[in-house]
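This report examines the fold of a protein and the aromatic rings within it. Please view the sequence and structure below before reading on.

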Amino acid sequence: MDQEAELRRLRWRSRRGMRELDQLFNRWLDQRYAQASEAERGVFLLLLDCEDDRLWKWFLGHERPADAELDALVQSIRALPPAG
């Protein structure tokens with residue numbers, strides 16, 4: 001699958017019930033996806049499988065994922081500057 005098609009698929013899959021989470025995921029897709037390793041892309045897919053309430057606690061910094069790779073990606077996404 002070409003990268004543009006993959007990005008469209010991931011953007012669709014990243015849609016959540018919370019606009020703030022959508023923005024965080026899209027920020028990573030816009031700013032980091034192209035440079036991300038296959039391993040980091042795989043961790044992003046794992047992140048998409050997590051429940052919204054848990055994700056929100058992680059992104060607010062109230063909790064941290066037990067998995068070190070997930071935690072590193074969450075912290076990386078939190079540190080990305082807003083688009084614009």
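## Overall fold

In what order do the elements of the protein run from the N terminus on? They run α-α-α-α-α, and the secondary structure comes to five helices and zero strands. Helices (H or I, at least four residues) and strands (E, at least two) are DSSP runs, numbered from the N terminus. The C-alpha atoms fill a box of roughly 35 × 25 × 25 Å along the principal axes.

The model is predicted: local features need pLDDT of at least 70, side-chain atom pairs count only at pLDDT 80 or more, and totals for chains, interfaces and linings use all residues. Residues are numbered from 1 along each chain as its sequence is written, and side-chain values use heavy atoms, leaving out hydrogens and water.

## Aromatic pairs

Four aromatic pairs are found in the whole structure. Rings of Phe, Tyr and Trp (its six-membered ring) pair if their centres lie within 6.5 Å; planes under 30 degrees apart count as stacked, over 60 as edge-to-face and the rest as tilted. Trp 28 and Tyr 33 are edge-to-face, because their ring centres are 6.2 Å apart and their planes are at 80 degrees. Trp 28 and Phe 44 are stacked, at 4.4 Å centre to centre with 15 degrees between the planes. Trp 28 lies in helix α2 (residues 19-31) and Phe 44 in helix α3 (residues 38-48), so this pair ties together parts 16 residues apart in sequence.

## Burial

Buried means under 20% relative accessible area, exposed over 50%, and partly exposed in between (1.4 Å probe, protein chains only). Trp 28 has a relative accessible area of 0% and is therefore buried. Tyr 33 is also buried, at 4%, and Phe 44 is buried. Buried residues make up 37% of the 84 residues.
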